[in-house]
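Good morning. I will go through one structure today and keep to what can be pointed at on the screen.

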Amino acid sequence: MKWLRPLLLQALACVAAWLFVAPALMPAAWAILQGMIAAALAIAHRLPPWQRLTHGLFVPAVVLMQQLALPGWIYLLALLLTVAVGRNALSERVPLYRSSGEASRRLAQLLPEDASLLEAGCGDGRLTVQLAAQRPDVKIDALENAWGSWLLARLRWARAGRPLRLQVRCRSFWGQSWANYDVVYVFLSPEPMPRVWRKFVAEGRPGSKLISNTFVVPDVKPDERVPLDGALQKELLIWHHPHGPH
Ligand SMILES: C[S@@+](CC[C@H](N)C(=O)[O-])C[C@H]1O[C@@H](n2cnc3c(N)ncnc32)[C@H](O)[C@@H]1O
């Protein structure tokens with residue numbers, strides 16, 4: 001029921017603002033007050049800074065858009081684009097954000113010679129195309145199931161001259177066996193990490209490695225940690241397959 005909390009917070013802020021300003025008479029003033037109350041509630045609940053901001057801006061943005069009186073198809077288009085790149089934010093709790101340049105360089109250094117790599121959730125393909133350029137010896141299988149992001153990744157792949165050892169496919173990495181890879185790279189969110197670990201242990205080949213950008217596997221200590229300088233991307237965590245040589 002995690003999705004209920006933001007709804008309740010917004011509804012509470014709407015009602016609280018209504019006590020002071022009538023929305024039908026002064027919609028802009030009501031919306032601004034609602035945003036301030038919503039942001040204050042988000043702070044009181046110790047939500048992370050980006051959620052405080054989105055709570056504060058949500059209703060003011062809706063009221064502003066209403067006043068702009070845009071045609072209905074623009075909202076439909078915006079919804080389609082959001083789903084096209086962000087469907088996994090809803091279904092997997094994994095939005096689209098990208099590995100930093102530093103993470104990409106470090107990862108390229110870590111990959112064994114002639115390795116086969118699964119990039120599980122390749123987003124818009126920036127990382128995968130960079131890796132293909134930096135490590136042409138590595139065979140890369142890049143999977144993405146948000147079709148808008150996958151399309152962008154295919155465009156990058158085509159613009160990079162269609163590297164032969166890089167495959168960019170539109171499919172879920174849960175439905176793919178992880179048995180044929182030397183390395184599985186993930187940059188997802190805390191939510192799927194326990195399932196990622198179970199799949200790696202069940203299917204990964206002995207001697208293979210799981211590399212996660214920033215997100216830990218609860219209660220499983222990584223075998224190696226490679227620090228990164230980023231404020232949000234702090235380290236690459238590496239686990240060796242438990243049934244392989246260490
Ligand atoms: C945080 S982004 C990372 C993108 C890229 N790997 C990088 O490091 O720059 C995670 C991506 O995983 C994708 N994703 C999440 N669950 C997925 C699944 N089950 N199958 C395929 N892709 C998935 C999301 O759509 C998103 O594009």
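Start with Arg135 and Asp137, which form a salt bridge with their closest N and O atoms 2.8 Å apart. Please keep in mind that this is a predicted model. Are the two partners buried or exposed, or something in between? Arg135 has a relative accessible area of 14%, so it falls under the 20% limit and is buried. Asp137 is at 22%, so it counts as partly exposed.

The general idea is simple. Side chains of opposite charge can pair when their charged atoms come close. How many salt bridges does the model have? The count is nine.

A second one joins Arg156 and Asp124, at 3.1 Å from N to O. Arg156 is in helix H7, residues 147-159, and Asp124 is in the loop between S1 and H6, so this bridge ties together parts that are 32 residues apart in sequence. Asp124 is buried, with a relative accessible area of 9%. Arg156 is partly exposed, at 30%. This bridge also belongs to a network of salt bridges, which links Arg98, Asp124 and Arg156.

Glu191 is partly exposed, with a relative accessible area of 41%. Arg93 also counts as partly exposed, with a relative accessibility of 41%.

Next, the aromatic rings. A pair of aromatic rings is described by the distance of the centres and the angle of the planes. The model has six aromatic pairs. In one of them, Tyr97 and Phe187, the ring centres are 5.2 Å apart and the planes stand at 65 degrees. Why is this pair called edge-to-face? An angle over 60 degrees counts as edge-to-face, and 65 degrees is over that limit, so the name applies.

This pair links distant parts of the chain, 90 residues apart. Tyr97 is in the loop between helix H4 (72-91) and helix H5 (101-110). Phe187 is in the loop between strand S4 (183-186) and helix H8 (193-203). Tyr97 is partly exposed, at 34% relative accessibility, whereas Phe187 is buried, at 12%. Together with Phe215, these two residues form one aromatic cluster.

Arg154 lies over the face of Trp157, 4.4 Å from the ring centre. The charged end of Arg195 sits over the ring of Trp174, 4.0 Å from its centre.

How many cavities of 30 Å³ or more does a search of the whole structure find? It finds one. H4, strand S1 (116-120), helix H6 (126-134), strand S2 (139-144) and S4 each supply at least two of the lining residues.

The largest pocket has a volume of about 1200 Å³. It is lined by 22 residues, and Pro6, Trp50, Gln51, Thr54 and Arg93 lie nearest its centre. Which element gives the largest share? That is H3, with five residues. The lining has 13 nonpolar, five polar and four charged residues.

Last, two backbone details. Asp114 has a positive phi of about 55 degrees, although it is not a glycine. Asp114 lies in the loop between H5 and S1, and it counts as exposed, at 53% relative accessibility. Thr214 is another non-glycine residue with a positive phi, near 75 degrees. Thr214 is in the loop between strand S5 (209-213) and strand S6 (224-227). Thr214 is buried, with a relative accessible area of 17%.

That is the end of my part. Thank you.

Notes:
Residues are numbered from 1 along each chain as its sequence is written. This is a predicted model: local features need pLDDT of at least 70, side-chain atom pairs count only at pLDDT 80 or more; totals for chains, interfaces and linings use all residues. Side-chain values use heavy atoms; hydrogens and water are left out. Rings of Phe, Tyr and Trp (its six-membered ring) pair if their centres lie within 6.5 Å; planes under 30 degrees apart count as stacked, over 60 as edge-to-face and the rest as tilted. Helices (H or I, at least four residues) and strands (E, at least two) are DSSP runs, numbered from the N terminus. Buried means under 20% relative accessible area, exposed over 50%, partly exposed in between (1.4 Å probe, protein chains only). A charge sits over a ring if NZ of Lys or CZ of Arg is within 6 Å of the ring centre and within 35 degrees of the ring normal. On a 1 Å grid over the protein atoms alone, a cavity is a set of points where a 1.4 Å probe fits but cannot get out, and a pocket is an open set with protein on both sides within 12 Å along at least five of seven lines; lining residues have an atom within 4 Å of a point. Grid points are joined across faces, edges and corners, and a volume is the space filled by probe spheres set on the points. Ala, Val, Leu, Ile, Met, Phe, Trp, Tyr, Cys and Pro count as nonpolar, Asp, Glu, Lys and Arg as charged, and the others, Gly among them, as polar. A salt bridge is a side-chain nitrogen of Lys or Arg within 4 Å of a carboxyl oxygen of Asp or Glu.
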